[in-house]
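The sequence and the model come next.

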Amino acid sequence: MPLEESYSLTTKEGHEYRIGFSPFDIFATPKSLTKPIVDVVIAIDDNKGINNASTLFEFSKIIKEYLFKNDVILYCYCDNKEIERGKKHQHLSPQEYRSLLFEKMFDKASNKDFINKPILLIDATDNKHCIHFFSSTQNLDQIELLSEELYKAKG
Amino acid sequence: MTLQPLHIKNSSKGFLDLVTKLKADKDAKVKALLSKKTTIKK
């Protein structure tokens, strides 16, 4: 089954999002990692979408459906483009806020079949990068393997 | 279920190259996705 898929989702407010899944091979992966890594990207023109509960629920439904069909590790990089955030979340960077939304989205559709591993990467310039791994609970060891590999990455 | 977050701080050049690549890859994929004509409607 091909791992590449893309969907468009029009929210009830009329915003059109694109959700894309594609194989990902940037990480150095250990031999013991047997599951493919698939990148999930959520995009909208000009980042003018609305991040309400029903939109997050639709995203999580698409991601869960994909994981039901494909036994993979999903990877997501939260980008740092500006995003509307309420007073309560002004202290968070756009990346951190997106990461929080991912977490909420994931927990909203929460069941014991799936896991979400948030990872904060801080580089030599003190820039923060938020990434997530998602998969079915049975792949917990695979997610831990990938996380360890990132931890060891010295370059 | 959301697991305990992992924080990784790494000052090596290799790590900086890696995160730079991750960011560039994401930007390119967003661009490609938005210009894609064929997608499944949900």
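This is a predicted model: local features need pLDDT of at least 70, side-chain atom pairs count only at pLDDT 80 or more; totals for chains, interfaces and linings use all residues.

Residues are numbered from 1 along each chain as its sequence is written, and chains are lettered from A and ligands numbered from 1 in the order in which they are written.

Chain B has 32 residues in contact with 39 residues of chain A; contact means that C-beta atoms, placed from the backbone, lie within 7 Å. On the side of chain B that touches chain A, β1 (6–9), α1 (13–35) and β2 (40–41) of chain B each supply at least two residues. Helices (H or I, at least four residues) and strands (E, at least two) are DSSP runs, numbered from the N terminus. The most comes from α1(B), with 16 residues. By type, that side of chain B holds 14 nonpolar, seven polar and eleven charged residues. Here Ala, Val, Leu, Ile, Met, Phe, Trp, Tyr, Cys and Pro count as nonpolar, Asp, Glu, Lys and Arg as charged, and the others, Gly among them, as polar.

Strand pairs are listed below; two strands pair if DSSP finds at least two bridges between them.

| Strands | Sense | Bridges |
|---|---|---|
| β1(A) and β2(B) | parallel | two bridges |
| β3(A) and β4(A) | parallel | three bridges |
| β4(A) and β6(A) | antiparallel | four bridges |

Within chain A, A:Tyr75 of β4(A) is the bridge partner of A:Asp39, and A:His132 in β6(A) is that of A:Cys76.

Strand β4(A) (residues 73–77) is largely enclosed by the rest of the structure, because five of its five residues are buried. A residue is buried if 20 or more other C-beta atoms lie within 10 Å of its own, exposed if 12 or fewer, and partly exposed in between, with C-beta atoms placed from the backbone. A:Ile73, A:Tyr75 and A:Tyr77 point one way from the strand, and A:Leu74 and A:Cys76 the other way.

Helix α1(A) (residues 53–69) has 17 residues. Among its buried residues are A:Thr55, A:Phe59, A:Ile63 and A:Leu67.

A:Asp126 lies in the loop between β5 (114–122) and β6 (128–136) of chain A. Its phi is positive, about 70°, although A:Asp126 is not a glycine. Most residues other than glycine have a negative phi. A:Asp126 counts as exposed, because it has 8 C-beta neighbours inside 10 Å.

Conventions
Two residues are in contact if their C-beta atoms, placed from the backbone, lie within 7 Å. The expected span of a helix is 1.5 Å times one less than its number of residues.
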